[in-house]
Amino acid sequence: MMRGHNYTLLTIYQRIKWMFCATFAAQMTEKRLLFLLFFACALCVGRVFARKLPPQAAQPFTIVLDAGHGGKDPGAIGKTGKEKNINLAVTLAVGKLIEQNLKDVKVVYTRKTDVFVELDERAAIANRAKADLFVSIHTNALPGKAQGRGSETYTLGMHRAADNLAVAKRENSAIMLEKDYENRYEGFDPKSAESYIIFEFMQDKNMEQSVKLATLIQKQFRSAGRPDKGVHQAGFLVLRATSMPSCLIELGYITTASEESYLLSQKGVNDLSNSIYQAIKNYKANKQ
Ligand SMILES: [Zn+2]
């Protein structure tokens, strides 16, 4: 009867050692062999664990909602209302509709209360969140006795039309309330037309998708009975620094009495927020 082999770990190790030593006689010291075996084992264990790790979950469709102005920056001022409050009411209502109805969408807010947030920080929030969309919500104003009615949506781009430049200048002026804005925005002067020349040379890879979203928003505003002021391009600092499709909505004119009362009414907030929500929903559906 043959004597049974005792295959303890030590025996296996000694056999492997013998085989290796026979092959590489002089070169293979015991230390090297131990290192080699340890390395091989680590490789095998690593592979097993790598296979068992769950696949990385894909990030949900993320949208950043940006209520313009806030805190020490009231934005445009009407007879009784302030732009910052209208923007926030509509923004929170849009977010609520998304959270209630589009469970696979993540909503990130640049502000949920009456606080001041710098323009570049708003864009940074969107970039850090790796957002799919950035929607900035504002309220329009006209100087003097000029009257305006309706909603319009902007994407970043050509600013040449004098009207668009006026809107961009007004919205960008928010940076003048920021500490050290000259350095933060590399000498950009929101009030000087010359500063806007930078926007003419900008290549915006998200232009097409941004215009698509803006067009969908305007379509919904029209359906809700709002006068359609169209889709435009202008040099908005808050859109310049975002790296995803983005647009800026001007809900209506706080300086026109009938518009102001509409913007401050529950019906106004409901209609406007629902229009923006429907447009976002349609945009997302078209992308899938
Ligand atoms: Zn504004």
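Two strands are said to pair if DSSP finds at least two bridges between them, and helices (H or I, at least four residues) and strands (E, at least two) are themselves DSSP runs, numbered from the N terminus. By the pairing criterion, strands E4 and E6 pair in the antiparallel sense over three bridges, and glutamate 152 of E4 has glutamate 250 as its bridge partner in E6. The structure is a predicted model, in which local features need pLDDT of at least 70 and side-chain atom pairs count only at pLDDT 80 or more, whereas totals for chains, interfaces and linings use all residues. Residues are numbered from 1 along each chain as its sequence is written.

The secondary structure of the protein comes to 11 helices and six strands. A residue is called buried if 20 or more other C-beta atoms lie within 10 Å of its own, exposed if 12 or fewer do, and partly exposed in between, with C-beta atoms placed from the backbone; of the 288 residues of the protein, 38% count as buried. Two residues are taken to be in contact if their C-beta atoms, placed from the backbone, lie within 7 Å. Among contacts between residues at least 6 apart in sequence, 78% join residues at least 24 apart.

Strand E4 (residues 151-156) is largely enclosed by the rest of the structure, because six of its six residues are buried. In a regular strand the side chains alternate between the two faces of the sheet. Both faces of E4 are covered, with Ser151, Thr153 and Thr155 buried on one side and Glu152, Tyr154 and Leu156 buried on the other.

In soluble globular proteins, nonpolar side chains tend to be buried together. A nonpolar core is defined here as a set of buried Ala, Val, Leu, Ile, Met, Phe, Trp, Tyr and Cys residues joined through C-beta atoms within 7 Å. The largest such core has 55 residues, of which Ile63, Val135, Ile217, Phe236 and Ile276 touch the most other members. When residues up to four places away in sequence are not counted, isoleucine 63 touches Ile98, Val105, Val107, Ala131, Asp132, Leu133, Val135 and Ile280.

Helix H11 (266-287) has 22 residues and reaches 32 Å from its first C-alpha to its last, close to the 32 Å expected at 1.5 Å a residue, where the expected span is 1.5 Å times one less than the number of residues. Among the buried residues of H11 are Gly268, Asp271, Ile276 and Tyr283, and what covers the buried residues of this helix includes E1, H3, E3, helix H8 (207-223), E6 and H10. In helix H10 (residues 257-264), Glu259, Glu260 and Leu263 are buried. These residues lie on the same side of H10 because they cover an arc of only 100 degrees around the axis, the arc being that of the directions from the helix axis to the C-beta atoms.

In helix H4, Leu119, Arg122, Ala123 and Ala126 are buried. They cover an arc of only 95 degrees around the axis, which puts them on the same side of H4, and the buried residues of H4 pack against E1, E3 and helix H9 (237-240). Aspartate 120, also found in H4 (residues 119-128), is partly exposed, with 17 other C-beta atoms within 10 Å. Leaving aside neighbours within four places in sequence, aspartate 120 is in contact with Arg184 and Ala241.

Most residues other than glycine have a negative phi.
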